[in-house]
Amino acid sequence: MSNDQGPGRGPGPKPLADAHLARMLGEHQFGALTTNKQNGHPHVSTVIYAWDPDERIVRISTTADRAKVRQLRNDPRAALYVSSDDHMAFAVAEGAAELSEISERPGDAAGLEMLAMTPGFDDPGDERVFLERMVEDRRLVIRIRVARLYGTALTPD
């Protein structure tokens with residue numbers, strides 16, 4: 001171990017450029033979504049998300065009865081935290097969330113938006129089953145319009 005890397009002497013954080021942060025969001029699909037409880041404390045949940053870099057929107061499919069949905073109806077501020085595979089870098093996407101309608105009919109707007117978040121299906125029958133399940137599960141889409149993107153990486157000088 002060098003003198004530069006002893007206990008308490010690791011590399012310092014370096015801010016990451018917007019392009020690097022956007023790329024990080026696109027390379028992952030799991031993150032931690034933070035919403036605000038009515039008492040002001042944060043609520044954190046692990047989510048699967050889809051990142052649209054052109055629109056700067058994070059999309060998350062969830063069921064209508066989740067705490068995060070209730071909290072976003074009361075306070076739309078949200079943040080998504082994503083870590084690099086080695087945990088030496090992170091990205092945070094902050095913004096106001098909007099909620100789609102609950103999918104009520106296979107192939108409605110909410111269902112098609114969730115379908116677009118998937119890698120796709122080879123069999124059209126699987127697509128139909130997916131859209132039916134979105135209705136059965138009472139799913140909707142959380143859209144975070146990213147107003148602020150920030151993060152750092154721990155790198156040696």
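Which side chain of opposite charge is nearest to Lys 68, and how far away is it? In this predicted model, the nearest one belongs to Asp 65, at 8.6 Å. Lys 68 is buried and has no salt bridge.

## Surroundings of Lys 68

Lys 68 sits in helix H2, which covers residues 67-74. Leaving aside residues up to four places away in sequence, Lys 68 touches Leu 33, Thr 35, His 43, Ser 45, Val 47, Thr 62 and Ile 142. The separation of 8.6 Å from Asp 65 can be set against the cut-off for a salt bridge, a side-chain nitrogen of Lys or Arg within 4 Å of a carboxyl oxygen of Asp or Glu.

## Overall layout

The protein has 4 helices and 8 strands. Read from the N terminus, the order of the elements is β-α-β-β-β-α-β-β-α-α-β-β. A box of roughly 65 × 45 × 25 Å, taken along the principal axes, holds the C-alpha atoms. Of the 157 residues, 39% are buried. When contacts between residues at least 6 apart in sequence are considered, 68% of them join residues at least 24 apart.

Helix H3 spans residues 109-116, and its buried residues include Ala 110, Gly 111, Glu 113, Met 114 and Leu 115. The buried residues of H3 pack against strand E4 (57-63), helix H4 and strand E7 (139-150).

The count of salt bridges in the model is 10. Three of them are set out below.

| Salt bridge | N to O distance |
|---|---|
| Glu 113 and Arg 59 | 2.7 Å |
| Arg 143 and Glu 113 | 2.8 Å |
| Arg 143 and Glu 98 | 3.0 Å |

In the salt bridge between Glu 113 and Arg 59, the closest N and O atoms are 2.7 Å apart. Because Glu 113 is in helix H3 and Arg 59 is in strand E4, this pair ties together parts that lie 54 residues apart in sequence. Glu 113 and Arg 59 are both buried.

Glu 113 also meets Arg 143 in a salt bridge, at 2.8 Å from N to O. Arg 143 belongs to strand E7 and Glu 113 to helix H3, so the pair ties together parts 30 residues apart in sequence. Here too, both residues are buried.

Arg 143 has a salt bridge with Glu 98 as well, at 3.0 Å from N to O. This pair links distant parts of the chain, with Arg 143 in strand E7 and Glu 98 in strand E6 (residues 90-99), 45 residues apart. Are Arg 143 and Glu 98 buried or partly exposed? Arg 143 has a relative accessible area of 14% and is therefore buried, whereas Glu 98, at 29%, is partly exposed. The cut-off for buried is under 20% relative accessible area.

## The largest pocket

The largest pocket holds about 270 Å³ of space. Its lining consists of Gln 29, Ile 48, Tyr 49, Ala 50, Ser 61, Met 114, Met 117, Thr 118, Pro 119, Phe 130, Met 134 and Arg 139. Two or more of the lining residues come from each of strand E3 (42-52) and helix H4 (124-136). Strand E3 gives the most, with 3 residues. Sorted by class, the lining has 8 nonpolar, 3 polar and 1 charged residues. Met 114, listed among the lining residues, is also one of the buried residues of helix H3.

## Two loop arginines with positive phi

Most residues other than glycine have a negative phi. Arg 56 has a positive phi, near 55°, and lies in the loop between E3 and E4. With a relative accessible area of 25%, Arg 56 is partly exposed.

Where is Arg 138 placed? Arg 138 is in the loop between H4 and E7. The phi of Arg 138 is positive, near 55°, and this residue counts as partly exposed at 45% relative accessibility.

Technical notes. Residues numbered from 1 in each chain as written. Predicted model: local features only at pLDDT ≥ 70, side-chain atom pairs only at ≥ 80, totals over all residues. Heavy atoms only, no water. 1 Å grid on protein atoms, 1.4 Å probe; cavity = no way out; pocket = protein on both sides within 12 Å on 5 of 7 lines; lining within 4 Å. Points joined across faces, edges and corners; volume = space filled by probe spheres on them. Nonpolar A, V, L, I, M, F, W, Y, C, P; charged D, E, K, R; others polar. Buried < 20%, exposed > 50% of the residue type's maximum accessible area, 1.4 Å probe, protein only. Lys, Arg positive; Asp, Glu negative; His and termini not counted. Contact = heavy atoms within 4.5 Å.
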